[in-house]
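Please read them beside the coordinates.

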2 protein chains.
Amino acid sequence: MSILFERVAFIGIGLIGSSLARRIRRDGLAREIVACARRQATLDTVIKLKLADRVTTDPADAVKGADLVVIATPLSAYAEIGAAIGPALKKGAIVTDVGSVKSSAIRDLQPSLPEGVSFIAGHPVAGTEHSGPESGFAELFEGRWTILTPVDGSDAAAVERLQKLWEATGSKVVIMDPEHHDKVLAIVSHLPHLIAYTIVDTAQNLGTDLQSEVIEFSASGFRDFTRIAASDPVMWRDVFLANREAVLEMLQRFTEDLTALQRAIRRGEGDTLQDVFTRTRAIRRAIIEAKQA
Amino acid sequence: MSILFERVAFIGIGLIGSSLARRIRRDGLAREIVACARRQATLDTVIKLKLADRVTTDPADAVKGADLVVIATPLSAYAEIGAAIGPALKKGAIVTDVGSVKSSAIRDLQPSLPEGVSFIAGHPVAGTEHSGPESGFAELFEGRWTILTPVDGSDAAAVERLQKLWEATGSKVVIMDPEHHDKVLAIVSHLPHLIAYTIVDTAQNLGTDLQSEVIEFSASGFRDFTRIAASDPVMWRDVFLANREAVLEMLQRFTEDLTALQRAIRRGEGDTLQDVFTRTRAIRRAIIEAKQA
């Protein structure tokens, strides 16, 4: 691999940021990595793991002279970060992010960025239920999609450079409209997380007696939900607030479908249940064929 | 391992039945295995895989002279099977099952079984999303729980022999009241399956355009649901009909909790979301500690 950027600055360096930093280091995709985090404890971990050449708690300091700035914090920090880094950005710099909602990312960051700086919002569709810089790994993006959501007027050369970087991590890259991205992710990611959080909470609310049994017998389905429901609470709080409309729409559809099944169970309508349960097998097969299983 | 039963008859031999048969063969836990299935195609697979010494499509024929009869069909077949095998059972035989609902199993089978035959309902809490005799494997039960639900008057010696068999498969055995079993399983297994089926169906109902994207980007949470929603449709239809009351009660609780989160999203109440998402992490940790993850 050859060098794609001279200096890359990470604002926020948790699971996703540190995985990208690891890959950049491993394959020599940049000459220098700067990492910025609010908490010194995070930066101590970054230093210990040798994920960056330089660390700082000051975003403006971090982005000075950087060719690429990767914002990898929870979404609610974006507006403040934009205001902080705007005046310090180098002319010609590319700014991107890795957040799970793209229209809010553009809304919160774009206004603070000066002319001569390209902002291209991005979203690597990959992750685990673990968080923090110690959880990252260089192979996280391999075989997964990264979605870039340039808008009218976005610099085509910047999009191309960013695409090269993500492809160098082993990711496949697709260009998408930001609003469309938010709708797709609402159904494939945000709603599943909301539902997993809910059912685990429902189980927890059943009281202490039943709870130990829920844990012992989790292998029968519940376990998969607990894995999803162990994801980072602050990141996910922000996702639901930032993608409120699309999430509420998908939730409405889900509730309608669930109510129909509930009705079929109450009335003993086995055929309705069997029809739905048979249909859903097809999508699993398609996912296996698409090598996303 | 030593021989625990002379002759074991399986009525129904899919994922669970064939896994138990494989284990019995592998470790010599019985001298002879008889397999019964309604369809000849299933029996052809059983013969090809050498899972049984003898096969038949007639349940009464299958149980003749058997010391242990394992019913491993969907729940809706139980009453008919009970009526068919009752007159053919050997005095002293033990009858058990592997179904996911225990009060309906007892209700449907017990009345047809003659005196001198012990019925002990059972449920190995293990499985995969695959079905059919070709999907089984001898290690399926290792480290998992098997729940036995004897009732007042059940033969203690029969419970003990069954417990020995399940322990020989690598399973841990627990004795439970049938109604309590059905309640616990409603939350750890039946409701998660219902929800997974629903969300996959919701995604499918979005229309063709979005559907290909749902498949491509499934890695972000949706994928885990599709795995669960690929489980056997007939088996699950029967589970929901047989455990209707407990499932509807858990579903009601889930819907209340989901509505509360929906309200928090609509009102932008981030603290409520973060509180729930933080709580749910604890149960994941407990599952990992219980070695069920």
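**Notes on the two-chain model**

1. Lys50(B) sits in the loop that runs between α2 (40–48) and β3 (54–56) of chain B; helices (H or I, at least four residues) and strands (E, at least two) are DSSP runs, numbered from the N terminus. Its phi is positive, about 55°, although Lys50(B) is not a glycine. Lys50(B) counts as exposed because it has 11 C-beta neighbours inside 10 Å. The scale is as follows: 20 or more other C-beta atoms within 10 Å make a residue buried, 12 or fewer make it exposed, and anything in between is partly exposed, with C-beta atoms placed from the backbone. In chain A, Lys50(A) also has a positive phi of about 55°, and it is found in the loop between α2 (40–48) and β3 (54–56) of chain A.

2. On provenance, this is a predicted model, in which local features need pLDDT of at least 70 and side-chain atom pairs count only at pLDDT 80 or more, while totals for chains, interfaces and linings use all residues. Residues are numbered from 1 along each chain as its sequence is written, and chains are lettered from A and ligands numbered from 1 in the order in which they are written.

3. How are the two chains related?

4. The contact between the chains takes 79 residues from chain B and 78 residues from chain A, where contact means C-beta atoms, placed from the backbone, within 7 Å. Elements of chain B that each supply at least two residues to its side include α7 (178–204), α10 (233–242) and α11 (244–267). The largest share, 18 residues, comes from α7(B). By class, the side of chain B that touches chain A has 46 nonpolar, 18 polar and 15 charged residues (Ala, Val, Leu, Ile, Met, Phe, Trp, Tyr, Cys and Pro are nonpolar, Asp, Glu, Lys and Arg charged, the others, Gly among them, polar). Of the interface residues of chain B, 99% are also interface residues in chain A, so the copies meet through the same surface.

5. Helix α11 of chain A has 24 residues and should span 34 Å at 1.5 Å a residue; its end C-alpha atoms are 34 Å apart, which agrees. The expected span is 1.5 Å times one less than the number of residues. Its buried residues, including Met250(A), Phe254(A) and Asp257(A), pack against α7, α10 and α12 of chain A and also against α7, α10 and α11 of chain B. After α11(A) comes Gly268(A), with a positive phi near 70°.

6. The largest nonpolar core has 204 residues, and Ala35(A), Val69(A), Ala35(B) and Val69(B) have the most contacts inside it. Such a core is a set of buried Ala, Val, Leu, Ile, Met, Phe, Trp, Tyr and Cys residues joined through C-beta atoms within 7 Å. Leaving out residues up to four places away in sequence, Ala35(B) touches residues among them Phe10(B), Leu43(B) and Val55(B).

Definitions and conventions
Contact = placed C-beta atoms within 7 Å.
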